[in-house]
Amino acid sequence: MGFALHYRPPGPVARDFLRHRPAAAGEELPIDGIVGPIGSGKTGSCIMRMFLHATEQPPGADGWRRSRWVVVRNTNPMLETTTIPSVLDWFPESVFGRFNWSPPYSYMIRLPEARIELELWFIPLDRPEQVRNLLSMEVTGAWVNEAREVPREILIGLRRRCGRYPSLRSGAKPGWAGVIFDTNAPEDDLHYLALWAGWSEPPDWMDPMTRQLMARPEGVTIFVQPPGLFPVRDERGRVVRFDDNPAAENLQNLRPGYYRAQLSGSTVDEVLNLICVEVRKGQAARPVHPQFHRETHVAPRPIGWDPQARSCLIGMDFARNPATVLAQEVGGQLRFVREWIGQNISVEMFVRNHVVPALNAEYPGWAEHLRGWGDPSGGNRTGGDDSTAFTHARKEGLPLVRAWTNDPDERRAALERRLTRMVDGAPAAIFCPRGCPTLISGLAGGFRYRRIQVEGTLDRYAEEVEKNIYSHICEAAEYLVLGLDRRGVRGAEEQRRAAARGPGTPNGRTRVDPLAMARLSGRLRGWRGAEPRP
């Protein structure tokens with residue numbers, strides 16, 4: 001069998017990725033990834049790296065270099081239509097025999113003249129049993145195709161299965177083993193890839209050891225390719241145009257003007273994410289607050305606490321994943337300074353162990369000028385006594401009051417007013433990049449309406465906000481602004497009720513006599529009251 005493989009790395013970053021060997025054999029199980037724009041040759045680089053590792057495996061007692069790899073994609077359709085065809089394009093069936101299309105998919109690449117055997121298994125992540133099977137395999141290495149769509153737990157779990165093949169009984173010495181991946185840029189700041197690459201810092205609400213392990217972890221190397229286009233921004237940071245990047249990789253294999261052709265019909269965020277290799281909000285969701293713009297609303301440097309402002313504003317969302325946001329109003333500008341997020345913790349323990357200690361240690365004078373609001377549902381009883389989330393918070397030193405309404409439209413309108421206003425040439429609301437990373441990521445798109453599949457359309461979204469790690473802190477910010485701005489701007493529903501208040505309209509709601517309404521409708525025609533009993 002004659003087989004000639006002609007491959008040239010698409011650029012210097014891809015070449016460095018192909019050559020990277022982070023440790024001597026057997027010392028560790030590395031994770032190497034390549035991140036770049038669409039069309040940059042990432043997939044081909046991973047295919048070639050698998051093959052290179054197969055040629056470098058130490059031979060067994062029979063002289064054969066054997067390796068087994070698992071190839072992972074988030075869904076079966078994506079595996080069948082993109083990943084597998086890419087492998088077969090480089091290693092065709094006409095040379096290496098038929099591909100096994102019966103699940104689980106597999107392919108054997110054998111080069112008898114070189115005594116190389118590369119066994120490939122292709123696993124999607126559509127069903128739980130597929131995940132279980134994946135995490136029980138014994139392989140040499142793993143390739144995760146489009147890693148941003150694959151949970152971190154899967155990728156870390158795969159590393160535990162690497163280095164298990166070939167076994168020492170075969171006579172082969174341990175060779176390189178580990179995980180490689182390719183992907184476009186992640187879509188939010190708290191995605192594990194953004195933390196691993198150092199594009200964002202782990203938030204303060206993570207425990208210290210987790211923050212240490214997630215920030216540029218040892219054993220993880222990420223190679224970032226240059227963007228396909230350069231975004232050009234004005235003095236306020238807003239994108240005004242995109243320029244060609246002659247240093248983009250794989251241009252020799254793309255048709256002229258490929259990246260510029262992607263601009264038509266795309267949003268700025270899509271171009272920044274998929275072509276400029278920037279962390280931007282996803283395409284499969286609609287943000288709750290599209291008025292938020294990073295370039296406008298995120299402070300260029302951390303916001304310090306101003307004791308002279310005589311202002312301490314707090315908003316809080318309750319339940320088992322409570323969230324608290326701290327802000328100050330300075331010269332009419334609302335400055336969001338800090339966030340706290342709890343995971344599976346009671347309000348009482350959250351306030352006692354996290355919020356109040358940090359306030360006491362870092363924000364002098366906060367208690368003197370505190371004004372705080374919380375989710376009105378926190379006034380519901382939480383146990384057999386009359387205690388509520390508000391009483392728990394108050395007992396621990398955080399006296400809050402109920403926001404005047406829980407109407408989502410009113411809450412969101414209150415924050416929108418702040419996001420769309422200017423005060424003395426500056427935005428009416430700004431956010432500290434160091435203290436509020438989750439809130440910023442949420443407003444940038446993590447706090448969202450999920451797109452739903454409806455036949456004949458691509459732009460239908462669920463009416464309810466998706467509950468995720470961003471929703472609680474964003475709703476806490478909404479409660480804060482809602483309570484703060486009630487002094488000057490009342491919601492439309494409250495104004496309607498105020499105008500309708502009168503002797504017969506308690507709380508602005510008209511008192512209705514149901515029997516009178518029934519008579520008017522004719523349902524009890526001729527009835528004039530109860531008949532006297534005999």
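Which residues of β6 are buried on one side, and which on the other? Before I answer, please keep in mind that what we are looking at is a predicted model.

On one side of β6 we find G178, I180 and D182, on the other V179, F181 and T183, and all of these are buried, so that both faces of the strand are covered. In a regular strand the side chains alternate between the two faces of the sheet. Taken as a whole, strand β6 spans residues 178-183 and is mostly covered, with six of its six residues buried.

Let me turn to the neighbours of this strand. Strand β1, residues 31-35, runs parallel to β6 and is joined to it by five bridges, and within that pairing I34 stands opposite D182. Strand β5, residues 141-145, also pairs with β6 in the parallel sense, over five bridges, and here N145 is the residue that stands opposite D182. Between β5 and β6 the chain passes through helix α6, residues 152-161, and this β-α-β crossover is right-handed.

My second stop is L251, which sits in the loop between β9, residues 239-244, and α9, residues 258-261. Finally, although L251 and G11 are 240 residues apart along the chain, their C-alpha atoms are separated by 9.0 Å.

How values were computed
Residues are numbered from 1 along each chain as its sequence is written. This is a predicted model: local features need pLDDT of at least 70, side-chain atom pairs count only at pLDDT 80 or more; totals for chains, interfaces and linings use all residues. Side-chain values use heavy atoms; hydrogens and water are left out. Buried means under 20% relative accessible area, exposed over 50%, partly exposed in between (1.4 Å probe, protein chains only). Helices (H or I, at least four residues) and strands (E, at least two) are DSSP runs, numbered from the N terminus. Two strands pair if DSSP finds at least two bridges between them. A crossover is right-handed if, with the strands pointing away from the viewer, the path from the first strand over the helix to the second runs clockwise.
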